[in-house]
Amino acid sequence: MGYQDAKEKYENDSKQDNSDDLYCSANGCTNRWSVQMDGKPKCSFHQWFGSKPIDYGSMHLQPNDYSGDPKGWAKRILDRHNTGLEVHALSLKFAKQALKMTVEV
Ligand SMILES: [Zn+2]
């Protein structure tokens with residue numbers, strides 16, 4: 001598929017989709033949002049790296065310190081994911097399920 005075809009297909013898909021709500025609120029960003037912390041849905045890139053540095057204090061998280069927490073493993077996986085580190089998609093899915101978060105399909 002050439003660039004033009006891909007572009008048209010993408011635009012058609014976007015029209016059929018007809019739900020801007022699914023997309024990151026950052027200007028011009030075409031990623032689907034995955035995080036909503038301050039009222040504006042954003043993709044993880046813009047949420048964590050777009051405007052401000054990661055502030056674990058305001059997230060009420062202590063990275064890699066979940067001793068005694070039976071779901072610590074899941075939180076560590078999410079921490080890795082949220083800080084932009086590579087996480088296996090299945091691991092992330094299980095972690096989100098364990099924490100009863102919405103699983104993206
Ligand atoms: Zn974005």
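The dialogue below goes from confidence and layout to a helix pair and individual residues.

Reply: This is a predicted model, in which local features need pLDDT of at least 70 and side-chain atom pairs count only at pLDDT 80 or more, while totals for chains, interfaces and linings use all residues. Residues are numbered from 1 along each chain as its sequence is written.

Me: What pLDDT does the protein average, and which elements have the lowest and the highest mean?

Reply: pLDDT is the predictor's confidence in each residue, from 0 to 100. Where pLDDT is low, the predicted coordinates should not be read in detail. The protein averages 76, and 70% of the residues score at least 70.

Me: Which residues of helix α4 are buried, and what do they pack against?

Reply: A residue is buried if 20 or more other C-beta atoms lie within 10 Å of its own, exposed if 12 or fewer, and partly exposed in between, with C-beta atoms placed from the backbone. Of the 105 residues of the protein, 11% count as buried. In α4 (residues 72-82) the buried residues are Ala-74, Ile-77, Leu-78, Asp-79 and His-81, and they pack against α5 (89-98). An α-helix has 3.6 residues a turn, so residues three or four places apart point the same way. Just after α4, Gly-84 takes a positive phi of about 90°.

Me: At what angle do α4 and α5 pack, and how far apart are their axes?

Reply: Two packed helices are described by the angle between their axes and the distance between the axes. Axes are lines fitted to C-alpha atoms, for helices over the stretch in contact, and angles run from 0 to 180 degrees between N-to-C directions. Here the angle is about 125° and the axes are 8 Å apart. The two helices are therefore oblique to each other (under 35 degrees is roughly parallel, over 145 roughly antiparallel, 65 to 115 roughly perpendicular, and the rest oblique). The contact is made by Ala-74, Ile-77, Leu-78 and His-81 of α4 with Ser-91, Leu-92, Ala-95 and Ala-98 of α5.

Me: Is Ile-77 buried or exposed, and which residues does Ile-77 touch?

Reply: Ile-77 is buried, since 21 other C-beta atoms lie within 10 Å. Not counting residues up to four places away in sequence, Ile-77 touches Val-87, Ser-91, Leu-92 and Ala-95. Leu-92 is 15 residues from Ile-77 in sequence, and their C-alpha atoms are 6.4 Å apart.

Me: How does Ala-98 count, with its C-beta neighbours inside 10 Å?

Reply: Ala-98, in helix α5, has 15 such neighbours and therefore counts as partly exposed. The C-alpha atoms of Ala-98 and Lys-71 are separated by 7.1 Å.

Methods: Helices (H or I, at least four residues) and strands (E, at least two) are DSSP runs, numbered from the N terminus. Two residues are in contact if their C-beta atoms, placed from the backbone, lie within 7 Å.
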